[in-house]
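Dear colleague,

I am handing over the structure that we spoke about, and below it you will find my notes on what was found. Please read them with the model open beside you.

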Amino acid sequence: MNALRVEDLNVHYGTIHAVQGVSFSVNEGEIVSIVGSNGAGKSTIMWTLAGVVASSGGIVEILGSPLPSKPNEVVARGLALVPERRRLFSALTVEENLIMGAYLRKNDQKVKDEMQRCFQLFPILRERLKQRSGTLSGGEQQMLAISRALMGNPKILLLDEPTLGLAPLIVETVMETILRIRKEGMTVLLVEQNATRALEISDRGYILEAGRFLKSGPGPELARDPEIQKAYLGG
Ligand code: ATP
């Protein structure tokens with residue numbers, strides 16, 4: 001089944017036509033990436049799927065049902081967004097951020113179990129539990145942002161530029177984490193500007209330019225495509 005199905009999606013900001021008739025799908029258990037340069041419309045697609053930005057036309061379905069109109073209903077349906085630049089509650093501790101991620105959960109034991117699952121993925125977070133998130137390193141903040149999203153036990157995880165500003169070694173940690181999360185059954189939609197690694201770990205990829213898809217195909221194949229490398233991957 002399609003975890004996500006998007007058909008002829010259009011999004012406007014006033015007179016700016018940011019997303020121009022985009023269609024794609026993500027199957028359950030897949031990693032799919034959307035890559036493209038600055039301003040191509042990647043974040044707009046993510047915010048639309050999260051129910052924050054309203055579309056001006058098209059169909060969006062999550063697990064076979066129409067996209068709800070409110071962000072909290074989208075989360076309840078099983079979709080979680082890790083936004084660009086992480087948007088943590090920087091004055092709150094790591095623990096408090098994680099608890100915020102579980103705000104729809106009523107069962108304390110489930111919240112504790114979920115937190116343990118995050119510590120298995122990122123043991124460093126256990127050590128930093130009482131530390132304010134604003135004082136974490138960039139890599140640790142990204143790990144916390146991903147964990148906060150996982151606290152709601154989503155079925156679909158949207159990651160908007162999770163490697164932005166991170167050192168190469170940490171980029172690799174994030175990529176390996178995405179692969180591990182998928183192995184546990186998660187469906188992942190990944191947006192990246194620095195795209196080679198993202199495409200390499202993706203089942204399929206889409207190249208977005210000025211609000212439209214130029215090309216799509218198996219991720220590793222796109223990563224090696226000379227035309228794509230020249231235009232988008234600094235190759
Ligand atoms: P980046 O990686 O720089 O975030 P992006 O591919 O995610 O780029 P978007 O942020 O989705 O691109 O922006 C797509 C287009 O929509 C751009 O032309 C941008 O200037 C415009 N845009 C984005 N957000 C708004 C907004 N809130 N109001 C008006 N225009 C916007």
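A residue is called buried when its relative accessible area is under 20%, exposed when it is over 50%, and partly exposed in between, with a 1.4 Å probe and only the protein chains taken into account. Please keep in mind that this is a predicted model, in which local features need pLDDT of at least 70 and side-chain atom pairs count only at pLDDT 80 or more, while totals for chains, interfaces and linings use all residues. Residues are numbered from 1 along each chain as its sequence is written, and side-chain values use heavy atoms, with hydrogens and water left out.

In α7, the residues Val171, Val174, Met175, Thr177, Ile178 and Ile181 are buried. They lie on the same side of α7 because they cover an arc of only 155° around the axis, the arc being that of the directions from the helix axis to the C-beta atoms. On the other side of α7, Pro168, Leu169 and Lys183 are exposed. The length of α7 (residues 168–183) also agrees with expectation, since its 16 residues should span 22 Å at 1.5 Å a residue and its end C-alpha atoms are 23 Å apart; the expected span is 1.5 Å times one less than the number of residues.

Helix α4 can be read in a similar manner. Its buried residues are Val111, Glu114, Met115, Cys118, Phe119 and Leu121, and these cover an arc of only 155° around the axis, which puts them on the same side of α4. The face of α4 turned away from its buried side carries Lys112 and Gln120, which are exposed.

Now to the ligand. Of the 14 residues around the ligand, Asn38, Gly39, Lys42, Ser43 and Thr44 come nearest, where a residue is near if one of its heavy atoms lies within 4 Å. A polar side-chain atom of Asn38 lies 2.4 Å from an oxygen atom of the ligand, and a polar backbone atom of Gly41 is 2.9 Å from a ligand oxygen atom. For Lys42, an N or O atom in the side chain is 2.8 Å from an oxygen atom of the ligand. The elements that give two or more residues to the shell around the ligand are β2 (16–27) and α1 (42–49), and α1 gives the most, with three residues.

With kind regards

Notes: A polar contact is a pair of N or O atoms within 3.5 Å; within protein, one must be able to donate a hydrogen and the other to accept it, and residues adjacent in sequence count only if both atoms are side-chain atoms. Helices (H or I, at least four residues) and strands (E, at least two) are DSSP runs, numbered from the N terminus.
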